[in-house]
Amino acid sequence: MDLDQYRIDAEPYYHAIGREVAQFSAAYAARLPVMLKGPTGCGKTRFIEHMAWKLGRPLVTVSCHEDMTASDLVGRYLLDPSGTVWSDGPLTLAVRHGAICYLDEIVEARQDTTVVIHALTDDRRVLPLEKKGELVKAHPDFQLVISYNPGYQSVLKDLKESTKQRFCALNFGYPDPSVETEIVAAEARIDSPVAHQLVQIAKRSRNLRGQGLNEGASTRMLIHAGALLREGVPLSEACELALILPITDDPELRDALAHAVAACA
Amino acid sequence: MSPDPRGFLRIAGTTEAADEPVEVIEAFPGEWLAPWLRARRKIEGAGYGAPLEAAFRKAAPACARIVGPEPAIDMADYLSAVTIKAGRQSGEDLCRVAPAVAERLGDGPRFRSWMSLMQRFAALAPESVRPVLDRSEALLARLKLSGLEAWLLGGIRLAGADREKRLAFFRMESADAERLLDREAGETGFFDVERRMRAYATALYGIRAPVREAPPDRHDGAKRRASFGDGMIRMPPSFPGFLGDEALELYRAALAHIGAHMRFSGPRFPVGKLKPLQIAVVSLIEDARVETLAIREMPGLARLWLPFHIAQASGAMTAQSLFARLSRALLDPDFEDIDGWVRKGRDMFHAAQDRLDDPGISRAIGNLLGNDLGQMRVQFNAKTYAPQPPYRDDNSGLWAPDDDAPPPEDAEATVVESVRIRQSDADDPDRERQTNDPTPRTGRARSVETPDTGVPVASYPEYDYQVGCERPDWTTVVEHAPRLGDPRFAAEVLDRRADLAKRIAALVSAARVGRPVRIRRQADGETLDLDACIDAHAALRAGEMPDARVYQIMARRTRDLAVAVLLDISQSTADVVSGGISVLELERDAVIMLSQAMDGLGDPFSIAAFSSNGREEVRYHRIKDFGEPAGARVGAALAGLQAGYSTRLGAALRHAGTDLARQPSFRRLILLITDGEPSDIDCPDPQYLVEDARRAVQALSATGIDVFCVGLGTRNTEQEVRIFGSRGFVQVTNISVLAEKLPALYLRLTR
């Protein structure tokens, strides 16, 4: 099985906020595993798509969740009329055929699941398939990338020290207002002054981070608000729909945010 | 002209009635006259004295004309009851205000409800009837009858049995009276919207400074202004004359303005040799400067501020009027003023548009304008001056105070204020800092926290079943560091009860679950379930549809339970039961054994003890927190417990629940051990705290926290069943076996 369906044909839009493109390229050249850190919606997934396109590698993405078992990553036996048949999981697929495997929100997965990547992420670069009795040697082009949102950190959800230390890390944050304006304008296809207004509003909502909000409005949310504006929804409504209601259920914070939106427009 | 009805009555032979004046007979026409005469005779026969009789004869007909004869006649009974409870003076006052009240209420049933309310009030707080009657018109102007009832009962609850305190409340001498009145009247006090306003200020400017309500009576009403300084924003408790949404807009405008100062005003200006007039003008220019800068960043703020600028271009040439006009001229591009001084100020300000980042321009322009005003001989009174519009602060945060100035009077009050943390602040990262360090800028502030006074950490609402509503922030929980007793206490108990400890250990190991379990025939899983595969294959061979559930998984069934143990240590636990041991000592032993069991099971648990001394002091002792190991310190803290005070159960439950809610466990349980019904010194009504506790239990259950009560002793358990429900309560009649019962009970409860 080849990985053509995982190839990215058109260039995904990405606006660099620092030297992360060069840094990631270097890490890939050395086949070092990379961890992308940053709040949700700041462009981690878009960045890895862009890099996969740039490096010409297929990208296998797995969204991790708390019920995910090791079998969901490496594969399992299935039944067919002739008996059992092994089916590779997404990670095994990427390892065999030389893709970039992106484990999104790795902390969500149980800790006993995440240890299967250990042998892949040191100089051994092998994936043992215990149930099948096979040791898969990684394709030379294979690279493992994980994303990790430090905002969610709690005692219950944190990476093991032994996992963390296998990775290089790139830190992502919300871009500078001017860059973020450009991104929102381009992605939502709206005028730059309108995008600037949205970025100003986002700044107010990020001020409340840790003061009742877990996260402020992300770049992704701004793009959603921009798309609503493009469709003719008035600004206050678009902000309510895309920026306020999704992030908080607290009526008092909603009220504060709605008036902060009014102050910015 | 109608014929004189007295003529008819003379003919009818009712001579007594014939003596009544015309207006009385008109007020009680026809068949109502006889009942009226009976009511009159009743009052006169009771011997309340001539002034009261005269007052009634005057008031009742007046009321009858407004609300009809029947309620006016019934007034005699209510009047009698009030007079008996609260004295003749109160009775006379009732008569005096009754017509005006009747006028305001407008109909019989409501007038009757008012009289009945006064009768009840006279029975509960006789000394306060006169002050309340004196204010009845003003009160009813703001409150509906139900609101008045809630306010009266609120005052009684607040002061408890303390007559002086009640009197102070109903004379409106205490701040609580005003605050409660605001609340019942539906006026928006800052207190009610503090949290959202603080979030608003944080959102706009990223300000993390605490926003506090300024102590009441600091300013007279007309001069009420917000202020800032020393890293704190103070808002007036309310802005008189601004209701509902208008008040909210004003708070927002004020916070947006202060935020602009904090963002754009530099270090404080030195006062130097400036006169009050110059200070006022410089402050005004500075206000406009920071607002202009803020509007450049957030254009919507102009819409927030401009509606408050209502100065007109014409008007008296007073400083107050000119200042208001200049304020508007600087901010409102559409405002044209003909006055030369206002125009000059506006032109200078506009000329400086490119240099607005520099606070120095406020001083420069302000000084020039101030000199002009001086030459114009405009009167300026610094004492009565308040910046206009009302959203602007009092400017005290802009100016460096003189070093030898006396500290502000309210320094201490503000410090107390800053350690008082509302329930809603529970997740506030500032919390720790505030509880541990009540920002003692003045030496006096230290007095707030002496070793045994404890730290007020939270306030909770309390439910009043008579009014059917929760009074917000009614009780204050004061946390005390546990007094440590004998550190070997726990070890001694375990030694003394070695047998029991061994039995509990056996029970625990039996109850401890968490072994991996194989779960077969799953649609999804790690490995194939061999039996299911064979079945499926057989089905395939037979040409049947195979069952797709051919996997198995290994899963651990874990206990996921957090428990908060809450001990009642009120005075009654000092009672000695059989064997010369006090209830508290038995409770302590039992908790040691219980914590042994819980520790063995690996359930996270906390232990706290509570008692109360009125609503302002619900004493809470943290003996063990969730993260803390159950070591010798916990034993020592248990050993150091002393019985005392009362049992305000609802507040203690709410506080324990707030802690427990932060535990990430699936099941959360408060295990309460108590020997009596809720009671407190300021609650004469025994049902009140029972209903509040019931309400607290229900509220906790709605947030997924179960409450289970272990009641000690052989009392009637009706109240406990009312509070906890029959399944949330067990009675241990023989207290001496509590240490054995409790762990066993716990295991059964949490299986």
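Two residues are in contact here if their C-beta atoms, placed from the backbone, lie within 7 Å. With that in hand, here's a quick tour of this predicted model.

**Chain B at a glance**
- Chain B has 31 helices and 18 strands.
- Its length is 751 residues, and 41% of them count as buried.
- Take the contacts in chain B with a separation of 6 or more: 70% of them come from residues 24 or more positions apart.

**A helix pair in chain B**
- Have a look at helix α18 (residues 319-331) and helix α19 (residues 340-351) of chain B, which pack with their axes 9 Å apart at an angle of about 35°.
- Their crossing is right-handed.
- On the α18(B) side you'll find B:Leu322, B:Arg325, B:Leu326, B:Ala329 and B:Leu330. They meet B:Trp341, B:Val342, B:Gly345, B:Arg346 and B:Phe349 of α19(B).
- Sorted by class, that contact between α18(B) and α19(B) has 7 nonpolar residues, 1 polar and 2 charged.

- You can find B:Pro389 in the loop between α20 (360-376) and β5 (399-400) of chain B.
- A:Arg189 isn't a glycine, yet its phi is positive, near 55°. This residue sits in the loop between α7 (177-188) and α8 (192-207) of chain A. A:Arg189 counts as exposed because it has 12 C-beta neighbours inside 10 Å, and the cut-off for exposed is 12 or fewer.
- B:Met172 is another non-glycine with a positive phi, this time about 60°. Look for B:Met172 in the loop between α12 (163-170) and α13 (175-184) of chain B. B:Met172 has 17 other C-beta atoms within 10 Å, so it is partly exposed; a buried residue would need 20 or more.

**Where chain A touches chain B**
- On the chain A side, 27 residues are in contact with 24 residues of chain B.
- β3 (75-80), α8 and α11 (251-264) of chain A each supply at least two residues of the side that touches chain B.
- Of these, α11(A) gives the largest share of that side, with 10 residues.
- By class, the chain A side that touches chain B splits into 13 nonpolar, 10 polar and 4 charged residues.

Notes
Residues numbered from 1 in each chain as written. Chains lettered and ligands numbered in written order. Predicted model: local features only at pLDDT ≥ 70, side-chain atom pairs only at ≥ 80, totals over all residues. Helix = DSSP H or I, 4+ residues; strand = E, 2+ residues; numbered from the N terminus. Axes fitted to C-alpha atoms, helices over the stretch in contact; angles between N-to-C directions. Left-handed = near helix turned anticlockwise from the far one by under 90°. Nonpolar A, V, L, I, M, F, W, Y, C, P; charged D, E, K, R; others polar.
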